[in-house]
Amino acid sequence: MNDSMTFTGDLSFLNAVTNRDPFPAYAQLLREQPIYFDPAVGFYVVSRYEDIRRILMDPKTYSSAAWQETARSRVESEHSKRMTDRFAALGWVPLPNVGNLDDPRHREIRSIFENAFRPSRVKDMEDEIRLTAASLVDAFAAEGHCELVSAFSIPFPLSVICRQVGARQEDMWRIKHWMDALIDRVSFLQTAEEQVSSVDQVIEAQHYFKAVIDDLRGHGNGTVLSDLVNTPLSDGRLMSDEEVLSNIMDSIFLAGTETTTNSISAGVRILCEQPELFNRLKSDPANCLRVFIEEVLRLESPAQGLYRVVTKEVEMHGVKMAAGSVLHLRIGAANRDERKFPCPAHVELERKNAGAHLAFGSGLHHCVGAPLARRELHWAFATLVDRFAGIRLSAEQGPIDYLPNYMFRSIRALHVEFLT
């Protein structure tokens with residue numbers, strides 16, 4: 001793909017063509033409109049790397065917590081209010097997760113997450129992560145081919161997270177179905193009927209995880225979820241069921257699996273299309289694998305953006321934004337900003353600043369699960385590179401399609417063949 005091509009379509013990322021292939025639009029925004037007002041959603045889209053990083057480092061001016069209230073009110077309708085009533089009547093009204101809080105509340109909840117995902121725990125999980133990857137690859141290696149998304153990209157991180165919250169492995173695909181409902185709810189692309197269906201699925205998930213929470217209250221078992229349930233806050237109280245539910249579903253399952261799933265699929269697509277990269281990884285994994293993983297995260301940015309709300313009037317690139325304005329920080333564009341990353345549309349295994357991407361955010365809200373995600377990605381690609389002589393797209397694949405979503409970039413299916 002040539003990102004420098006002239007873009008003449010609808011710059012809204014709700015547009016189906018732009019949503020499927022946003023990179024030409026990113027190139028135009030980066031060149032000409034670093035602050036772009038998207039009338040379809042009422043957000044200011046920020047695209048350049050340094051602008052986004054400066055925003056992320058200034059949480060007082062650019063609030064995370066205000067997104068929950070201010071931004072959603074822009075698209076509020078009688079129907080969405082009925083959805084809130086549906087949650088209240090049948091389940092629990094979702095509360096802001098740790099990523100949608102400001103200090104001091106954010107700092108307090110985040111400290112529990114930092115302890116739950118502390119380096120020593122991630123290190124203790126290393127063998128489990130490695131063996132999970134190997135077991136999944138064993139299941140399709142003999143066949144010589146698979147649909148990678150369902151056979152590997154999804155079940156690998158989901159299996160790891162299920163163990164860390166005490167969810168049954170046999171419920172994994174049921175949980176994935178619920179996470180898809182969560183993803184669909186932030187797509188901005190659902191009909192009213194589809195929104196009702198998604199809400200009902202999320203409520204079903206709430207009841208499932210509420211039972212897990214009840215089992216853990218006062219009975220720690222060393223899992224990540226046990227820490228969230230049983231660690232007291234500064235006032236001595238524990239997080240409420242509503243708080244834990246929102247963080248299980250949004251911060252642990254959704255954030256903790258979707259990034260890894262999308263990165264595995266994107267990385268394998270790159271290796272299929274550029275076999276010379278596979279050969280370099282196989283011949284020198286110690287020196288090449290880490291940079292390859294960072295380049296995949298940068299190039300594909302599995303979560304394409306973040307939201308902030310302006311707390312006072314600001315001006316950027318000649319555009320004045322009043323207090324209360326919603327900013328959509330388009331990480332997917334920033335990670336291809338040539339001002340920061342020369343030759344941004346290409347995998348460069350010699351790139352010195354590969355890890356400077358914003359795929360995991362920056363500042364106070366830098367993803368606390370990033371070390372776990374990186375270890376999962378390491379063993380995903382290390383296992384594939386070690387086991388096979390090469391990977392290529394199957395003849396049945398056809399054009400690669402992405403699930404429509406304003407926030408996530410997810411390959412729908414990836415049919416591959418393995419060379420031995």
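Me: Is Ala266 buried or exposed?
Reply: This is a predicted model. In it, Ala266 has a relative accessible area of 4%. Buried means under 20%, so Ala266 counts as buried.

Me: Which helix is Ala266 in?
Reply: Ala266 belongs to helix 14, which covers residues 241-273.

Me: And what does Ala266 touch?
Reply: Leaving aside residues up to four places away in sequence, Ala266 is in contact with Val296, Glu300 and Ile411.

Me: How far is Ala266 from Ile175?
Reply: Their C-alpha atoms are separated by 22 Å, and the two residues are 91 residues apart along the chain.

Me: What about the largest nonpolar core, how many residues has it?
Reply: The largest nonpolar core has 115 residues. Those with the most contacts inside it are Phe152, Phe156, Ile175, Phe209, Phe253 and Val268.

Me: Which helix gives the largest share of this core?
Reply: Helix 14 does, with 13 residues. Apart from this core lies another one of 18 residues, including Ile35, Tyr49, Ile331 and Ala334.

Me: Back to Val268 for a moment. What does it touch?
Reply: Val268 touches Leu148, Phe381, Leu384, Ile391, Leu414 and Val416, again not counting residues up to four places away in sequence. As a general point, nonpolar side chains tend to be buried together in soluble globular proteins.

Me: Which strands does helix 14 lie across?
Reply: Helix 14 lies across strand 9 and strand 10, and its direction is at about 95 degrees to strand 9.

Me: What is the strand order in the open sheet of three strands?
Reply: The order is 4-10-9, with antiparallel pairing. Strand 4 (145-147) and strand 9 (390-393) are at the edges with a single partner strand each, so one side of each has no neighbour in the sheet. From one strand to the next, the twist averages 25 degrees.

Me: How many bridges are there between strand 9 and strand 10?
Reply: Four bridges join strand 9 to strand 10 (residues 415-419), in the antiparallel sense. In one of the pairs, Gly390 has Leu419 in strand 10 as its bridge partner.

Me: Changing topic: why is strand 5 described as largely enclosed?
Reply: Strand 5 spans residues 306-310, and four of its five residues are buried, so the rest of the structure largely encloses it.

Me: Which strand does strand 5 join through four bridges?
Reply: That is strand 8 (residues 326-329), and the two run antiparallel. Arg308 stands opposite Leu327 of strand 8. Strand 5 also pairs with strand 3 (residues 62-63), in the antiparallel sense over two bridges. There, Tyr62 stands opposite Val310.

Me: Now helices. At what angle do helix 16 and helix 18 pack?
Reply: Helix 16 (residues 285-300) and helix 18 (residues 370-387) pack at about 115 degrees, and their axes are 10 Å apart. Helix 16 is therefore roughly perpendicular to helix 18. Their crossing is right-handed.

Me: Which residues meet there?
Reply: Leu289, Phe292, Ile293, Glu294 and Leu297 in helix 16 meet Arg374, Leu377, His378, Phe381 and Ala382 in helix 18.

Me: How many residues of helix 10 are buried?
Reply: Ten of its eleven residues are buried, and helix 10 (residues 155-165) is mostly covered. Among the buried ones are Phe156, Leu158, Ile161 and Cys162. Just after helix 10, Gly166 has a positive phi of about 80 degrees.

Me: Which residue other than glycine has a positive phi near 40 degrees?
Reply: Ser301 does. Ser301 sits in the loop between helix 16 and strand 5, and at 1% relative accessibility it counts as buried. His317 is not a glycine either, and has a positive phi of about 50 degrees. His317 lies in the loop between strand 6 (314-316) and strand 7 (319-321), and at 45% relative accessibility it counts as partly exposed.

Me: Last one: where is the loop that holds Pro104?
Reply: That loop runs between helix 5 (78-90) and helix 6 (105-116). The peptide bond joining Asp103 and Pro104 is cis, with omega about 5 degrees.

Methods:
Residues numbered from 1 in each chain as written. Predicted model: local features only at pLDDT ≥ 70, side-chain atom pairs only at ≥ 80, totals over all residues. Heavy atoms only, no water. Core = buried A, V, L, I, M, F, W, Y, C linked by side-chain atoms within 4.5 Å. Buried < 20%, exposed > 50% of the residue type's maximum accessible area, 1.4 Å probe, protein only. Contact = heavy atoms within 4.5 Å. Pairing = 2+ DSSP bridges. Axes fitted to C-alpha atoms, helices over the stretch in contact; angles between N-to-C directions. Parallel < 35°, antiparallel > 145°, perpendicular 65-115°, else oblique. Left-handed = near helix turned anticlockwise from the far one by under 90°.
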